[in-house]
Amino acid sequence: MKILIAEDMEDSLVMLEMVITSMGHMAVSGANGLEALRLAQADPPDLIISDIMMPEMDGFEFCRRVKADPELQKIPFIFYTATYTEHQDQELASALGASRFIIKPQEPKVLMAIIKEVLADFSRAELPVGPGPEAQKENGEISDMYQQSVGRKLDKKIRELEREREALKASEAKYRHLVESVQEYYFFYTHDTKGVFNYISPSIEIVLGYKPAEFLVHYSEYLTDNPANKEVVRHTELSIKGEEQPPYEVEIEAKDGSLHWLEVKEFPAFDKFGEVTHVEGIAHNITERKRAEVERDKLRTQLTQAQKMEAVGRLAGGVAHDFNNMLGVILGYAELALGEVEPGHPLFDDLQEICKAAERSADLTRQLLAFARKQIIVPKVIDLNETVAGMLKMLGRLIGEDIDLAWLPGADIWSVKVDPAQIDQILANLSVNARDAIAGVGKMTIETGNVVFDEEYCADHVGFTLGEYVLLAVSDDGCGMDKKTQNNLFEPFFTTKGEGQGTGLGLSTVYGIVKQNNGFINVYSEPGEGTTFRIYLARHAGAAESMPQAGLVKPAVGGHETILLVEDELAILDMTKRILEHLGYTVLVASTPDEALRLVEAYSGEIHLLLSDVVLPEMNGLDLVKKLLIYHADLKSLFMSGYTANVIARRGILDAGVNFIQKPFTRQDLAVKVREVLDCN
């Protein structure tokens with residue numbers, strides 16, 4: 001059989017021809033309805049398969065013409081379409097006399113089955129013939145259906161075109177924005193201009209604010225006058241010689257005066273003889289990248305600094321326990337020996353020097369621990385003005401008469417929670433720093449105030465933290481510092497003083513104290529313009545506690561009570577026992593908690609005080625006292641340790657109401673503390 005195909009799409013036509021020929025039929029085709037109609041009229045086929053949307057004559061009109069022709073109207077007609085697919089389109093096809101309505105695409109086997117079915121129906125005369133010419137003229141309904149179908153398709157096509165137009169407009173706007181915001185420009189120069197551009201693209205105005213003609217003048221001046229242009233000139237000379245260079249960076253001033261970084265890549269162009277005719281290039285604005293790199297380097301430096309300080313802190317904390325124990329032994333035995341000789345004895349002065357050296361070493365350890373934020377502290381809610389005022393006389397003596405000390409307390413100052421002794425350390429260290437920075441006569445100022453930092457302020461100021469703070473500022477009009485010195489200022493052992501004139505721990509101590517109290521510190525200084533340290537301590541909501549009045553040092557008074565001494569370091573155990581016995585106490589000693597428990601079980605007399613190390617084998621001192629209270633309900637306790645604050649805090653020793661003395665301690669420190677604990681109710 002011969003099957004006529006009306007199809008303008010090549011791929012659909014090829015597929016239909018393959019299906020038809022594979023079934024043993026002959027396929028003929030027309031590229032549109034008009035061409036197919038002529039083929040049908042010239043040699044009527046046995047079956048027609050037609051697309052709907054085609055040029056010159058669509059499928060609906062083709063079908064109408066076939067069914068209106070008495071010679072062709074009985075030929076079965078199949079619509080195969082991908083565009084007219086709505087229900088109304090199918091109704092129109094049926095009204096025109098089509099045998100089937102198939103929506104593209106379909107599997108070949110489905111098409112084969114439909115073609116077989118239609119041909120079988122045709123052979124049984126079961127197919128619709130369609131309205132004749134006269135009936136079509138009288139039937140306005142078919143014409144209306146056709147107009148509506150075409151109108152719907154036209155409306156749909158218009159909507160599609162409108163969407164495409166809007167998408168094109170959006171694409172053009174995006175492209176225009178991309179072009180207008182591109183942060184690069186094109187240039188070229190010839191070998192005889194010595195790098196001065198012959199041409200530069202208009203996008204230079206986006207990058208640097210100059211119009212091309214303006215920039216040509218500006219760049220010529222840049223190459224002539226800028227001492228930093230040597231690298232640019234070198235690249236230019238090599239490019240003119242024909243040597244391709246890697247990208248290079250150049251900093252140049254924009255029209256508004258701001259500095260921008262450009263990454264420049266140049267490409268020599270050659271004639272047929274291999275001679276350089278000109279150099280082309282692209283300059284890309286990398287200012288934001290450079291700023292990000294600077295910020296990253298700054299953060300990396302801060303991280304390195306923090307890691308260095310943390311490493312020193314761990315080192316300080318690690319050695320503090322053993323170092324403090326040994327210092328305690330040296331100090332204790334030196335004081336015991338001093339008690340055995342008269343002031344005129346040849347060894348008296350030597351023993352005093354040993355005691356002084358041990359005390360200075362203990363101070364050095366405390367400074368290291370303060371820097372490492374691991375010193376033992378007893379925070380109190382204080383009025384900073386009151387604390388500073390109590391230090392003024394001592395600070396005046398520290399800085400000397402040539403330096404005027406100005407005190408500017410803020411009004412209605414908020415409370416802060418901090419160990420008052422740490423405020424003393426901060427002021428003492430900053431005062432010494434100010435004194436050393438002032439050559440001859442000068443002025444030092446201490447001021448306080450309330451400050452509040454909001455999110456907007458903190459976003460614009462690196463290092464500041466959101467919240468309410470009390471400010472403690474110490475300023476001097478001394479020699480000031482350059483940036484390099486400021487970058488190393490808080491490093492332990494860093495000092496600008498001569499050999500033997502400073503430990504380099506003063507400002508490290510200040511830094512550690514501030515960080516230990518969750519505050520932060522900023523330094524403002526210029527060479528020859530003085531220095532200001534601004535310390536911010538977090539506001540505390542509670543009222544300040546009353547500060548004890550300064551008075552005479554308490555005398556080292558002893559007693560006759562019985563003390564249980566528990567210490568696993570035998571040298572300290574023996575030394576502490578001898579000090580307590582010299583003070584008149586009865587001393588029971590144990591080197592382990594188990595030994596202490598056995599001793600108490602066997603001892604029939606009263607024990608008034610437990611003096612115990614914190615960290616012991618088997619159990620810590622706090623657990624030991626709980627067990628001992630079973631035997632002596634009124635037993636009082638005093639703990640001692642050379643460990644750092646974080647170790648002690650984990651064992652509950654720094655909790656309120658717990659008595660504690662830090663190693664190393666002097667004979668007087670121990671005597672006063674023991675008496676204080678025994679006498680409290």
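**Close-up views of a predicted model**

**View 1. Arginine 289 and glutamate 249 are joined through their side chains in a salt bridge, with N and O 3.2 Å apart.** A salt bridge requires a side-chain nitrogen of Lys or Arg within 4 Å of a carboxyl oxygen of Asp or Glu. Because arginine 289 belongs to helix H11 (residues 287–338) and glutamate 249 to strand S8, the pair ties together parts 40 residues apart in sequence. Helices (H or I, at least four residues) and strands (E, at least two) are DSSP runs, numbered from the N terminus. Salt bridges with shared partners connect Glu249, Glu263, Arg289, Lys290 and Glu293 in one network. Arginine 289 is partly exposed at 37% relative accessible area, and glutamate 249 is likewise partly exposed at 33%. Buried denotes under 20% relative accessible area, exposed over 50%, and partly exposed the range in between (1.4 Å probe, protein chains only).

The model is predicted: local features need pLDDT of at least 70 and side-chain atom pairs count only at pLDDT 80 or more, whereas totals for chains, interfaces and linings use all residues. Residues are numbered from 1 along each chain as its sequence is written, and side-chain values use heavy atoms, leaving out hydrogens and water.

**View 2. Glutamate 244 and lysine 265 form a salt bridge with an N to O distance of 3.6 Å.** Glutamate 244 lies in the loop between helix H10 (230–240) and strand S8 (248–253), while lysine 265 is in strand S9 (residues 259–270), 21 residues apart. Glutamate 244 is exposed at 57% relative accessible area; lysine 265, at 19%, counts as buried.

**View 3. Arginine 100 and glutamate 117 form a salt bridge, their closest N and O atoms lying 2.6 Å apart.** Strand S5 (residues 100–103) holds arginine 100 and helix H5 (residues 108–123) holds glutamate 117, 17 residues apart. Arginine 100 is partly exposed, at 23% relative accessibility, as is glutamate 117, at 42%.

**View 4. An open sheet of 5 strands has the order S19-S18-S20-S21-S22 with parallel pairing.** Its edge strands, S19 (586–590) and S22 (660–662), each pair on one side only. Strands pair if DSSP finds at least two bridges between them. Strand S20 (residues 609–613) pairs with strand S21 (residues 636–641) over 5 bridges in the parallel sense, and leucine 609 has lysine 636 in S21 as its bridge partner.
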